[in-house]
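Reader: I want to learn how to read charged side chains in a model. Can we go through one together?

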Amino acid sequence: FFQAEDGIRDYKVTGVQTCALPIYVRDFWETVLQGYVSCLQEAIVGEVSQLQKLIEFLISDTNLSISRRQFAQASASELKQYLNALLSALAKRQKALTLKFQNTVRALFLLDSDDFTISGIGYNWLQGERLEEEEQSTFGFTAASANHPSEIVEGLSWVMSLQCPCVLAFDQIDSIVTRSEEHTSELQSPCNLVCRLLLEKK
């Protein structure tokens with residue numbers, strides 16, 4: 001965010017003293033997504049990341065006889081096979097949501113791969129980047145990219161909720177303001193703004 005020390009003087013923004021400049025909804029969700037993925041990769045216990053703990057849980061919860069290390073060390077073809085088995089087991093209990101968020105699950109497991117190229121593909125998808133057709137086919141993605149960053153955040157939140165309740169915390173939320181397509185000059189309260197951002201998908 002850009003901080004205006006002496007207040008903003010702009011015909012599109014009124015009633016403002018010192019706050020962040022307006023941002024679009026997509027910018028908001030891209031920022032949330034970047035923070036989400038970054039936090040998943042941080043160590044929480046020793047050198048074990050939250051991502052690794054999540055993957056271990058998913059493997060255990062679906063009763064697969066494949067370890068996280070096997071997933072991480074698998075070749076592209078093996079990884080696709082392992083993921084299909086895991087998603088098939090997960091779909092037996094939550095078919096609709098598994099189908100909806102299967103690409104997010106695939107990307108998370110790719111991100112944890114020991115292979116730098118495979119990990120990069122997972123990271124790119126989780127950042128909303130479009131995959132090459134060959135990459136999409138190799139790892140079984142049903143779409144080259146998500147339509148909107150909020151869809152990936154929703155998918156990550158669902159996967160996390162399988163292990164435990166998931167809460168998203170926004171730091172300095174009072175600094176987040178927005179403008180509508182009509183460039184209205186009325187600023188929303190932080191509470192109403194966040195509620196709208198969480199509900200709006202596009």
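Author: We start with a definition. A salt bridge needs a side-chain nitrogen of Lys or Arg within 4 Å of a carboxyl oxygen of Asp or Glu. Buried means under 20% relative accessible area. Keep in mind that this is a predicted model.

Reader: How far is Arg106 from the nearest side chain of opposite charge?

Author: The nearest one, Glu135, is 14 Å away. Arg106 is buried yet has no salt bridge.

Reader: Where is Arg106 found, and what does its side chain reach?

Author: Arg106 is found in helix H5. Its side chain reaches the backbone oxygen of Phe139 at 3.0 Å.

Reader: Which residues does Arg106 touch, leaving out those up to four places away in sequence?

Author: Lys80, Leu83, Asn84, Leu87, Phe139, Gly140 and Phe141.

Reader: Now the charged pairs. How many salt bridges does the structure hold?

Author: First the general idea. Side chains of opposite charge can pair when their charged atoms come close. This structure holds five salt bridges. One of them joins the side chains of Arg68 and Glu56, at 3.7 Å from N to O. Arg68 lies in helix H3 (residues 68-73) and Glu56 in helix H2 (residues 50-61), so this pair ties together parts 12 residues apart in sequence.

Reader: Are the two partners, Arg68 and Glu56, buried or partly exposed?

Author: Arg68 counts as buried, at 13% relative accessibility. Glu56 is partly exposed, with a relative accessible area of 35%.

Reader: What other salt bridge does Arg68 form?

Author: Arg68 also forms one with Asp112, with the closest N and O atoms 2.7 Å apart. Asp112 sits in the loop between helix H5 (95-111) and helix H6 (116-126), while Arg68 is in helix H3, so the pair ties together parts 44 residues apart in sequence. Asp112 counts as buried, at 9% relative accessibility.

Reader: Which salt bridge does Arg69 form?

Author: Arg69 pairs with Asp114, and their closest N and O atoms are 2.5 Å apart. Arg69 lies in helix H3 and Asp114 in the loop between H5 and H6, so parts 45 residues apart in sequence are tied together. Arg69 is partly exposed, with a relative accessible area of 36%. Asp114 counts as partly exposed too, at 47%.

Reader: Which residues do shared partners join into one network?

Author: Glu56, Arg68 and Asp112. Arg68 has a salt bridge with Glu56 and another with Asp112.

Reader: Last point, confidence. What is the mean pLDDT of the chain?

Author: The mean pLDDT is 78, and 69% of the residues reach 70 or more. Over residues 1-24 the pLDDT is below 50, and this stretch has 48 contacts in the model beyond near neighbours in sequence. Over residues 176-195 pLDDT stays under 50, with 32 contacts beyond four places in sequence.

Terms used. Residues are numbered from 1 along each chain as its sequence is written. This is a predicted model: local features need pLDDT of at least 70, side-chain atom pairs count only at pLDDT 80 or more; totals for chains, interfaces and linings use all residues. Side-chain values use heavy atoms; hydrogens and water are left out. Helices (H or I, at least four residues) and strands (E, at least two) are DSSP runs, numbered from the N terminus. Buried means under 20% relative accessible area, exposed over 50%, partly exposed in between (1.4 Å probe, protein chains only). pLDDT is the predictor's confidence in each residue, from 0 to 100. Contact means heavy atoms within 4.5 Å. Lys and Arg count as positive and Asp and Glu as negative; His and the chain ends are not counted. A polar contact is a pair of N or O atoms within 3.5 Å; within protein, one must be able to donate a hydrogen and the other to accept it, and residues adjacent in sequence count only if both atoms are side-chain atoms.
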